[in-house]
Amino acid sequence: MIGSIPEMLDQAPPRSSGSSSSIYAYLGGSLLAAGGTAALELTHHRRYSGLTALIGALLLITAAVAGQERDGRRGTFASRVADWVFEACVLAPLAWVSRSGSNADAILAMVALGASFVASYERAKGQALGYRGSETPVYRAIRALLLALALLTGLVKTFLSLFLALTLTAAVVRAWNVALQERRPRAVR
């Protein structure tokens, strides 16, 4: 039976499927841009790959902000996977192409990719074990933009060094956060 009007007003409105589908549209667009970035990097069109990386980064940022506002677990998971794919599509081809020129660029790209995956694993594992931790859209936006700027400007060492420093700092802070939470006495259940 239909409830009274006050009861119906107290209920939260149903989530619209259009809002979550727009998140997936942004993520799909970012993945297409990431694939284009990889293809352009591998064909030695670094500046154009920077442009597609910038488009992909902006779409990732839009999806992350929209996902945080709606707080959907699937959307958050998909957004994080898209981040990993984006980073791999930028850093792995960059390392491959740079190997014949500047070994420092190639090594820096591979170390940055590895550090990024370790930091992401650390966050996911900590949350799975019940430790509190977060990753803001601002942090994710800065990392994506640093990668796009590395390709756009040609200042690969500078921007990859910043990306690596930011990623390693996040990993250290996450480890420290888990250590602090582990030292606190837990409430008896």
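Which residue forms a salt bridge with Lys157? The points below take this up, along with the other charged pairs in this predicted model.

1. **The Lys157 pair.** The partner is Asp105. The closest N and O atoms of Lys157 and Asp105 are 3.6 Å apart, and the cut-off for a salt bridge is 4 Å. Lys157 sits in helix α7 (residues 156-183), Asp105 in helix α5. The two are 52 residues apart, so the pair links distant parts of the chain.

2. Asp105 has a relative accessible area of 10%, so Asp105 is buried.

3. **Helix α5.** This helix covers residues 103-128, 26 residues in total. From first C-alpha to last, α5 reaches 37 Å. At 1.5 Å a residue, 38 Å would be expected, and the value is close to that. Buried residues in α5 include Ala109, Ala112, Leu113, Ser116, Ala119, Ser120 and Arg123. An α-helix has 3.6 residues a turn, so residues three or four places apart point the same way. After α5 comes Gly130, with a positive phi near 95°.

4. **The salt-bridge count.** The model has 3 salt bridges.

5. **Glu87 and Arg143.** Glu87 is in helix α4 and Arg143 in helix α6. They are 56 residues apart, and the pair links distant parts of the chain. Glu87 and Arg143 are both buried.

6. **Glu41, without a bridge.** Which side chain of opposite charge is nearest to Glu41? It is Arg46, 5.8 Å away. Glu41 is buried yet has no salt bridge. Glu41 is placed in helix α2 (residues 17-42).

7. **What surrounds Glu41.** Set aside neighbours within four places in sequence. Glu41 is then in contact with Ser49, Cys89, Val90, Pro93, Leu94, Val97 and Leu151. Glu41 is worth a look in the structure above, as a buried residue with no salt bridge.

Technical notes:
Residues numbered from 1 in each chain as written. Predicted model: local features only at pLDDT ≥ 70, side-chain atom pairs only at ≥ 80, totals over all residues. Heavy atoms only, no water. Helix = DSSP H or I, 4+ residues; strand = E, 2+ residues; numbered from the N terminus. Expected span 1.5 Å × (residues − 1). Buried < 20%, exposed > 50% of the residue type's maximum accessible area, 1.4 Å probe, protein only. Lys, Arg positive; Asp, Glu negative; His and termini not counted. Contact = heavy atoms within 4.5 Å.
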